[in-house]
Amino acid sequence: MSDTDKVVALVSKLAAYHGDVAALTRTEFERDVFGDRPWIYVLVAEAKGELVGYAALCGLIQLQFGARGMDMHHLFVEEAFRGRGVGHGLVEACMSKARLLSCRYLAVGTDPENQAAQAFYEGLGFARRDAHPPRFSMRLEG
């Protein structure tokens, strides 16, 4: 299975976790990640040559401040690899990618019921925003 097929399969797992049925196709994924006008950035995590997680980033902006940001639209780690630092590594990679793209902040949302994810982001230094569903952000400047 190619990395592209594996990420598409992981997207389906994340969708199922939230009670959704993913409709993403390989063609749509390739268009959005590798096309002439990429829409998202996807970072992957591997363990012993096996793809075990991914993060998907899409652009944000606070135009009035000239401030670029990135939304960590998806973060998923295979269950067998959770609690081993894979998610933390993916978040750090997202922060690095956002900085490379001259972003000043990284944002993420969680399911209102997912207390573990909320604690995870707060533990990494993300600030909780007053929003429903819960939103978190981290400044990337200086």
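User: What should I know about the model before we start?
Analyst: It is a predicted model, where local features need pLDDT of at least 70 and side-chain atom pairs count only at pLDDT 80 or more, while totals for chains, interfaces and linings use all residues. Residues are numbered from 1 along each chain as its sequence is written, and side-chain values use heavy atoms, with hydrogens and water left out.

User: OK, the sheet. What order do the strands come in?
Analyst: The order is E1-E2-E3-E4-E6-E5, in an open sheet of six strands with mixed pairing. Strands (E, at least two residues) and helices (H or I, at least four) are DSSP runs, numbered from the N terminus. Two strands pair if DSSP finds at least two bridges between them.

User: Which ones are the edge strands?
Analyst: E1 and E5 (127-129), since each pairs on one side only. Neighbouring strands of this sheet are turned by 30° against each other on average, direction ignored. Axes here are lines fitted to C-alpha atoms, for helices over the stretch in contact, and angles run from 0 to 180 degrees between N-to-C directions.

User: What holds strands together in general?
Analyst: Strands of a sheet pair through backbone hydrogen bonds, either parallel or antiparallel.

User: And E2 with E3, parallel or antiparallel?
Analyst: Antiparallel, over ten bridges, with E2 covering residues 50-62. Gln-62 has Ala-67 in E3 as its bridge partner. The hairpin of E2 and E3 has four residues between the strands, and Gly-66 takes a positive phi near 65° there.

User: How many bridges join E3 to E4?
Analyst: Three, and E3 and E4 (residues 105-109) run parallel. Gly-69 stands opposite Tyr-105 in E4. E3, helix H3 (residues 86-100) and E4 make a right-handed β-α-β unit. Right-handed means that, with the strands pointing away from the viewer, the path from the first strand over the helix to the second runs clockwise.

User: What about E5 and E6?
Analyst: E5 and E6 (residues 135-139) run antiparallel and are joined by three bridges. Ala-127 stands opposite Ser-137 in E6.

User: Let's zoom in. Is Asp-71 buried or exposed?
Analyst: Asp-71 counts as buried because its relative accessibility is 9%. Buried means under 20% relative accessible area, exposed over 50%, and partly exposed in between (1.4 Å probe, protein chains only). Asp-71 is found in strand E3 (residues 67-77).

User: Which side chain does Asp-71 join in a polar contact?
Analyst: That of Arg-135, at 2.9 Å. A polar contact is a pair of N or O atoms within 3.5 Å; within protein, one must be able to donate a hydrogen and the other to accept it, and residues adjacent in sequence count only if both atoms are side-chain atoms.

User: What does Val-77 touch?
Analyst: Leaving out residues up to four places away in sequence, Val-77 touches Val-52, Gly-53, Arg-82, Val-86, Gly-87 and Leu-90. Contact means heavy atoms within 4.5 Å.

User: Switching to helices. Which residues of H2 are buried?
Analyst: In H2 (residues 26-34) they are Phe-29, Asp-32 and Val-33. Seen down the axis of H2, these fall within an arc of 90°, so they line one face of the helix. The arc is that of the directions from the helix axis to the C-beta atoms.

User: What do they pack against?
Analyst: Helix H1 (3-17) and strand E1 (41-47). The face of H2 turned away from the buried side carries the exposed residues Thr-27 and Phe-34.

User: Where does H1 lie?
Analyst: Across E1, E2 and E3, running at about 75° to E2.
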